[in-house]
Amino acid sequence: MTIQTTRLSDPAVRAFVTAVNNHDRESFMELLAPGATMADDGSDRDLADWVDREIFFSHGHMRVDSESNDGRSLVAHYNNDTWGEMRTRWSFTVDEDGRISRFETGQA
């Protein structure tokens, strides 16, 4: 059963999923702390390049199935125009100021 985005526990993660699903790159980038980093399937990636390619240029969309770790870990069905749909895991590090300093994703 999918969790409605508005019901996600962590405000930063909720805003992240909302920005992805609304294809709102500007809001997405504002959620990130300066120097934020990310990894995909265990390998660090260039954040700006990955975000454009895997989310915004390819119309990424997340449907969250479950959350844990106070809402900072998700299992979601993620789809985009490049890869289609896949079951994915997401984990987030959120700074004290509420901005995401790192996120990691990969197939679940």
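**Figure 1. The aromatic cluster.** One aromatic cluster is formed by Phe16, Phe28, Trp50, Phe56, Tyr78, Trp90, Phe92 and Phe103. This is a predicted model, in which local features need pLDDT of at least 70, side-chain atom pairs count only at pLDDT 80 or more, and totals for chains, interfaces and linings use all residues. Residues are numbered from 1 along each chain as its sequence is written, and side-chain values use heavy atoms, with hydrogens and water left out.

**Figure 2. Aromatic pairs.** The structure holds 12 aromatic pairs; rings of Phe, Tyr and Trp (its six-membered ring) pair if their centres lie within 6.5 Å, and planes under 30 degrees apart count as stacked, over 60 as edge-to-face and the rest as tilted. The Phe16 and Phe28 rings have centres 4.9 Å apart and planes at 50 degrees, so this pair is tilted. Phe16 belongs to helix H1 and Phe28 to helix H2, 12 residues apart; helices (H or I, at least four residues) and strands (E, at least two) are DSSP runs, numbered from the N terminus. Trp50 and Trp90 form an edge-to-face pair, at 6.4 Å centre to centre and 70 degrees between the planes. This pair links helix H3 and strand S5 across 40 residues.

Figure 3. Thr105, in strand S6, is buried at a relative accessible area of 5% (buried means under 20% relative accessible area, exposed over 50%, partly exposed in between; 1.4 Å probe, protein chains only). Trp50 is buried at 4%, and Trp90 at 3%.
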